[in-house]
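Let us walk through a protein structure step by step. Keep the sequence and the 3D view side by side as you read.

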Amino acid sequence: MRAGQIYLLVAFGLMAISYFKEKQRTRDALKATFKILYTIMPVLIFVFVLMGLIQAYVSRETIASILGQKNGALGIIYAELIGSIALFLPPAVFPFGGYLHNNGASYGSIAGFVFTAILIGVTTLPLEFKLFGKRFTIARNIFTFVLAFFIALLMEEILR
Amino acid sequence: MSKIFKNDTFWFLFLGFVITLVVYILNAEKGMIVAKTVYSTFFEVLDIIVAVSIFIGLFQVWVKPQTIVKLLGKGSGIKGFILVCTFPILMGGSLFTVFPLLKALKEKGARTGAIASFITAWGGKAPLLPLETQFLGWPFALLRLSLVVLFAFVMGILMDWVVEKPVEANVNKR
């Protein structure tokens, strides 16, 4: 049995428990689920197309030379830069990260990419700026970049 | 039909399709590589994505934003700080959905560091664990998830120090 099928079973189980406890809430949950699927599926497929493009046009050697272990700390910084500007929804981050890893990117680079892709977003900057101010936004994004770098280095040390 | 075109996410699908088609016309072999990658990855994630979406949907209706704000309070004190560095790991959504919630926390008087810790901990993304382990393995996912707590902790301290302090200094001067 695939891991995904087990998750699906658990999800249906929880859904059943929820329905048993409160029908209306469960209907709302189902609506939310469909909305999430509707929002992320097309974006995911677009990211899969990007992965296909890399598969077709970029060699494993190229990815490994930029994001691989040999490039060390510099590879992590490149990965973080990609993550910072990438317009990825969080669910797309992991398939793409796993794909890069299979093609020679180091665990450290992937960690840097994952953190910045989720926590730094060019698209969310204006909102963050508006809600929390200039000082907060600049400081948070810089600290995220720097701290993610050290955590990625640590993960690389432990996992390689 | 026009409603579909108004949807941003639809354009991603459309663009993806056009790119694949163009690549196929330029070079059939490379076009097939793209199509095969999309096909195999899609079916690799389908059941996981559906399961994850159900988890997040259920979480959203059973744990209301108001409950979270109440639970975390100002995020002050050791207990509040620990909560703010761990609890958001369980939440789904994108930055667009957490920022408004944090606005409410801030209005309740949460410290700058608590807000920053919350955002960082939210980056742990436990609801996406099924996806993360599928593509990057359990050691990577669990290590990342535990380090995110440390990440959030340091983040909160740094942000309080850099962003909050000058304001306090000004107040003291007056």
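Predicted model: local features only at pLDDT ≥ 70, side-chain atom pairs only at ≥ 80, totals over all residues.

Start with chain A. It has 8 helices and 0 strands. Read along the sequence, the pattern is α-α-α-α-α-α-α-α. The C-alpha trace of chain A spans about 55 × 45 × 30 Å along its principal axes. Of its 160 residues, 45% count as buried. Now look at contacts within chain A between residues with a separation of 6 or more. Residues 24 or more positions apart account for 79% of these contacts.

Chain A is divided into two parts: domain 1 covers 1-57, and domain 2 covers 59-160. Their C-alpha centres lie 25 Å apart. Where the domains touch, domain 1 of chain A gives 5 residues and domain 2 of chain A gives 7 residues. What classes of residue does domain 1 of chain A bring to this contact? Its side has 5 nonpolar, no polar and no charged residues.

Next, bring in the partner. In chain A, 63 residues are in contact with 63 residues of chain B. Which elements of chain A give two or more residues to that side? They are helices H1 (3-21), H2 (23-57), H5 (90-102), H6 (107-119), H7 (125-132) and H8 (134-159) of chain A. The largest share, 20 residues, comes from H2(A). By class, the side of chain A that touches chain B divides into 44 nonpolar, 13 polar and 6 charged residues.

Now turn to the nonpolar core. The largest one has 90 residues. Those with the most contacts inside it are A:Val47, A:Ile110, A:Ile151 and B:Ile115. H2(A) gives the largest share of this core, 12 residues. Zoom in on B:Ile115. Leaving out residues up to four places away in sequence, B:Ile115 touches A:Phe132, B:Leu102, B:Leu105, B:Lys106 and B:Ala110.

Finish with two helices of chain B. They are helix H3 (residues 28-62) and helix H8 (residues 129-136). Their axes come within 9 Å and cross at roughly 155°. Angles over 145 degrees count as roughly antiparallel. H3(B) and H8(B) are therefore roughly antiparallel to each other. Which residues meet here? From H3(B) come B:Val45, B:Ile48, B:Ala51 and B:Val52. From H8(B) come B:Pro130, B:Leu131 and B:Gln134. By class, this contact has 6 nonpolar, 1 polar and no charged residues.

Definitions and conventions
Residues numbered from 1 in each chain as written. Chains lettered and ligands numbered in written order. Contact = placed C-beta atoms within 7 Å. Helix = DSSP H or I, 4+ residues; strand = E, 2+ residues; numbered from the N terminus. Nonpolar A, V, L, I, M, F, W, Y, C, P; charged D, E, K, R; others polar. Axes fitted to C-alpha atoms, helices over the stretch in contact; angles between N-to-C directions. Parallel < 35°, antiparallel > 145°, perpendicular 65-115°, else oblique. Domains from an automatic or database assignment. Core = buried A, V, L, I, M, F, W, Y, C linked by C-beta atoms within 7 Å. Buried ≥ 20, exposed ≤ 12 C-beta atoms within 10 Å, placed from the backbone.
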